[in-house]
Amino acid sequence: MSPVFPMLTVLSMFYYMCLRRRARTATRGEMNSRRAIESNTRALPINVEIVQYAKEVLDFSSHYGSENSMSYTMWNLAGIPNVYPSSGDFTQTAVFRTYGTWWDRCPSARLPFKRTPPTFWSQDYVELAFEEPVYPTAVHILETYHPGAIVRILACSANPYSQNPPAEVRWEILWSEAPTKVNGPQARQFTPCIKQINFPTNLIRLEVNSSLLDYYTELDAVVLHGVKERPVLSLKTSMIDMNDIDEDEDEEKYGCGMDTLTKQFSTVTLREWPTNGYFDKLPYELIQLILSHLTVPDLCRLAQTCKLLYQHCCDPLQYIHLSLQPYWARINDTSLEYLQPRCTLIQWLNLSWTGNRGAISVSGFSRFLKVCGSELVRLELSCGHFLNETCLEVITEMCPNLQELNLSSCDKIPPQAFNHIAKVGGLKRLILYRTKVEQTALLSILNFCSELQHLSLGSCVMIEDYDLIASMMGAKCKKLRSLDLWRCKNITESGIAELASGCQLLEELDLGWCPTLQSSTGCFTNLARKLPNLQKLFLTANRSVCDTDIEELAANCTHLRQLDILGTRMVSPASLRKLLESCKDLSLLDVSFCSQIDNRVVLELNANFPNVFIKKSFTQ
């Protein structure tokens with residue numbers, strides 16, 4: 001027999017193994033058996049590609065717009081494009097709350113968690129539902145202003161329109177890449193090369209990082225291309241994806257060992273070694289210091305090597321600060337249960353984005369805090385839609401040392417539940433952005449939490465009288481350093497006067513999109529005179545800000561670093577020059593849509609004050 005035939009036989013067997021690998025993956029991904037490979041002579045079925053726009057926006061972490069409007073909100077991502085292919089700043093697009101690094105340079109900035117994986121860049125997200133579940137072949141994102149923020153695209157196995165929720169919810173990363181700087185703010189269609197997955201999806205999640213952008217990114221629409229039948233590898237295909245050969249490659253890469261949080265830590269069988277090599281000669285503290293640089297999944301893997309390192313990897317001192325946000329897709333009740341013995345000394349805990357779609361139950365969260373909450377100082381729970389009144393009650397009872405609580409975008413918590421927060425008298429930071437907190441509960445919190453230094457009430461639409469709230473702050477919260485009142489609809493000069501008189505340590509104040517404030521009442525002049533420590537002041541979209549206000553800021557707030565006066569028609573170039581000459585630390589000045597400040601003036605100011613980022617937005 002010719003030696004060619006054995007070689008062909010080997011190649012055929014190898015190819016057959018690859019096809020079997022794909023078939024096994026299909027069954028694991030809720031595929032049915034009728035897609036098995038039958039013969040190399042049978043024609044493959046023709047799959048018609050389905051093209052669909054997002055039907056609905058299911059969830060998001062933040063947006064620039066109001067809860068009661070469509071302008072600049074994430075809800076604009078549903079349906080066909082409103083703006084594309086035009087470029088510029090348009091209210092009909094979806095815009096996140098922040099951009100650049102300015103929010104990391106203000107008094108309210110929070111310290112980052114250590115051990116965050118270097119490949120986790122996400123700052124915000126939005127989840128989109130589509131009509132038909134498909135196997136994705138392409139995802140087109142229509143970016144109309146300052147593109148380049150998308151860093152990750154994921155697909156979910158759960159059908160949001162199904163009456164029967166699945167027992168297991170899987171998320172697969174279709175594409176991921178570090179933030180990149182895009183030259184120019186012009187519109188583009190972003191179509192990254194996506195990974196094939198083994199289940200149909202009609203739930204797509206976009207994650208963004210806007211830190212490299214010069215202004216807010218604006219998204220217009222998302223287009224999902226896909227087929228109803230799972231694409232089968234054709235025998236004529238010249239390339240084989242070698243990743244398919246390794247059964248566990250995806251779990252190791254994307255599961256990032258979160259399954260190991262529930263398996264490897266609990267039932268590891270370690271080999272017996274006579275010695276531990278040079279590790280036996282190292283001080284315990286030095287080994288601990290070395291391991292403190294590892295991520296949580298790396299600790300899970302290292303724990304399997306020997307008993308000595310297992311002991312180090314399970315030491316509660318390794319879990320003083322723990323962020324599970326990067327692993328949000330894999331965290332569930334079982335993960336928390338196996339982490340409990342290692343988190344008895346935990347002080348900082350980040351569970352933001354975790355637990356949704358039933359992954360974490362109220363009972364599972366409560367059990368964890370009852371064991372691990374006594375030393376907690378900082379608790380991040382942003383976008384935790386599993387949270388309810390019971391959870392807040394457990395937090396206030398089990399975390400007596402809590403100083404920082406982030407409930408940003410936890411919009412499923414009922415209004416009455418926020419009364420429990422008043423029991424945590426030592427709170428120094430409270431973030432209630434986009435929550436349903438009501439006036440009575442907030443007044444109680446302000447009355448009993450007099451140590452507050454940082455408070456965010458942005459987009460809290462259920463508060464009826466912000467003047468009363470401001471008065472309580474002025475009377476009780478003398479240590480307040482930063483206050484976010486973004487889009488509060490009813491604060492007046494009376495509330496501002498009470499606030500400025502009582503909270504004279506304020507360094508950061510966001511009054512963006514507060515339409516009831518009028519410069520003619522002297523409210524901004526009063527702020528400038530009473531708050532000399534101001535470093536950040538946002539008066540976004542207040543048309544009444546005038547030269548007098550700017551000159552008062554220049555005279556009294558010489559430490560000012562960030563000023564946003566977007567949309568005013570009353571500020572002249574002359575007053576801006578006075579401000580720039582007086583405020584030597586100023587680094588951000590947003591004069592977008594200021595009618596008296598044209599591009600020529602901006603170029604002149606940039607030339608004379610090169611250390612200041614002067615932003616002038618536009619619409620084409």
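What follows is a short exchange about a predicted model.

Colleague: What makes up the chain, in helices and strands?
Modeller: The chain holds 17 helices and 21 strands. Of its 620 residues, 53% are buried.

Colleague: What share of the contacts with a separation of 6 or more joins residues 24 or more positions apart?
Modeller: That share is 81%.

Colleague: Why are helices H13 and H14 called roughly parallel?
Modeller: Look at the axes of H13 (residues 493-502) and H14 (residues 523-530). They cross at roughly 5°. Angles under 35 degrees count as roughly parallel. H13 and H14 are therefore roughly parallel to each other. Their axes come within 9 Å.

Colleague: Which residues make the contact between H13 and H14?
Modeller: From H13 come Glu493, Ile496, Ala497, Ala500 and Ser501. From H14 come Cys523, Asn526, Leu527 and Lys530.

Colleague: Which residues of H13 are buried, and what covers them?
Modeller: Gly495, Ile496, Leu499, Ala500 and Gly502 are buried. Their cover includes helix H12 (466-476), strand E16 (482-484), strand E17 (508-510) and H14.

Colleague: Strand E17 contains Asp510. How do you know whether Asp510 is buried or exposed?
Modeller: Asp510 has a relative accessible area of 4%. Buried means under 20%. Asp510 is therefore buried.

Colleague: Which residues is Asp510 in contact with, leaving aside neighbours within four places in sequence?
Modeller: Asp510 is in contact with Arg97, Leu483, Asp484, Leu485, Trp486 and Phe538.

Colleague: Now Leu286, in helix H5 (residues 284-291). Why does Leu286 count as partly exposed?
Modeller: Its relative accessibility is 34%. Leu286 falls in between, so Leu286 counts as partly exposed.

Colleague: Which residues are buried in helix H9 (residues 362-372)?
Modeller: Gly364, Phe365, Ser366, Phe368, Leu369 and Cys372 are buried in H9.

Colleague: What covers the buried residues of H9?
Modeller: Their cover includes helix H8 (333-339), strand E11 (348-350) and helix H10 (389-398).

Technical notes. Residues numbered from 1 in each chain as written. Predicted model: local features only at pLDDT ≥ 70, side-chain atom pairs only at ≥ 80, totals over all residues. Heavy atoms only, no water. Buried < 20%, exposed > 50% of the residue type's maximum accessible area, 1.4 Å probe, protein only. Helix = DSSP H or I, 4+ residues; strand = E, 2+ residues; numbered from the N terminus. Contact = heavy atoms within 4.5 Å. Axes fitted to C-alpha atoms, helices over the stretch in contact; angles between N-to-C directions. Parallel < 35°, antiparallel > 145°, perpendicular 65-115°, else oblique.
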